Amino acid sequence: MEMIYKVMSPLDFKTTEVILQSRLMEQGFGVLWSLNFKDKLAEKGLELEGAKNFMVMEVCNPMLAAEVFKINMDAGFFLPCKVVVYDLDEEDVAFMGLVKPTWLINFFKDDRLNSIAQQVEEAIKTAMEAVEEGSDGSVV
């Protein structure tokens, strides 16, 4: 099983980030926190080589998170989910991705958790695929 799910956006970095956040909200997820590593490294006098931007967003669906905590409090070490948007120096497109919740939660060997992780993963993939299709819903 692949650990990472990643898709290319036909849109620029900022547009991808904004539309993805909107699509995540439609799926019941909120962005709790976000960090652009380019900016953070620049604050330290360092350069993000190879990418123009690398945004990490921590996203959560509170209802599903509550279910996870009821089953196994230690599963909270995997929460919230990290969703990444980045663009490379040599390309004018953005990429979106995440570590698959199904891959992470599989370490607990609990079908109840696996089921929730599958719901989370599918919802986030749906949000990413909506961005991938374009901001107006048309296939790009």
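Modeller: Terms, then: helices (H or I, at least four residues) and strands (E, at least two) are DSSP runs, numbered from the N terminus. This is a predicted model, in which local features need pLDDT of at least 70, side-chain atom pairs count only at pLDDT 80 or more, and totals for chains, interfaces and linings use all residues. Residues are numbered from 1 along each chain as its sequence is written, and side-chain values use heavy atoms, with hydrogens and water left out.

Colleague: Fine. Which helix is Thr102 in?

Modeller: Thr102 belongs to helix α4, residues 101-105.

Colleague: Is Thr102 buried or exposed?

Modeller: Thr102 counts as buried because its relative accessible area is 11%. The cut-offs are under 20% relative accessible area for buried and over 50% for exposed, with partly exposed in between (1.4 Å probe, protein chains only).

Colleague: What does Thr102 touch?

Modeller: Leaving out residues up to four places away in sequence, Thr102 touches Met1, Ala117, Gln118 and Glu121. Contact here means heavy atoms within 4.5 Å. With Glu121 there is also a polar contact, side chain to side chain, at 2.4 Å. A polar contact is a pair of N or O atoms within 3.5 Å; within protein, one must be able to donate a hydrogen and the other to accept it, and residues adjacent in sequence count only if both atoms are side-chain atoms.

Colleague: On to the sheet. What is the strand order?

Modeller: The order is β1-β5-β4-β3-β2, an open sheet of five strands with antiparallel pairing. Strands pair if DSSP finds at least two bridges between them. At the edges are β1 (4-9) and β2 (30-36), each pairing on one side only.

Colleague: And which helix packs on the sheet?

Modeller: Helix α5 (residues 111-132) does, touching β1, β3 (51-60), β4 and β5. The direction of α5 makes about 15° with that of β1. Axes are lines fitted to C-alpha atoms, for helices over the stretch in contact, and angles run from 0 to 180 degrees between N-to-C directions.

Colleague: How many bridges join β4 and β5?

Modeller: Five, between β4 (residues 81-88) and β5 (residues 94-99). The two strands form a hairpin with five residues between them. Val85 has Met96 as its bridge partner in β5, and Val84 has Gly97. On β4, six of eight residues are buried.

Colleague: Last one: why does Leu32 count as exposed?

Modeller: Leu32 counts as exposed because its relative accessibility is 57%. Leu32 lies in strand β2, and its contacts, leaving aside neighbours within four places in sequence, are Glu58, Cys60 and Pro80.
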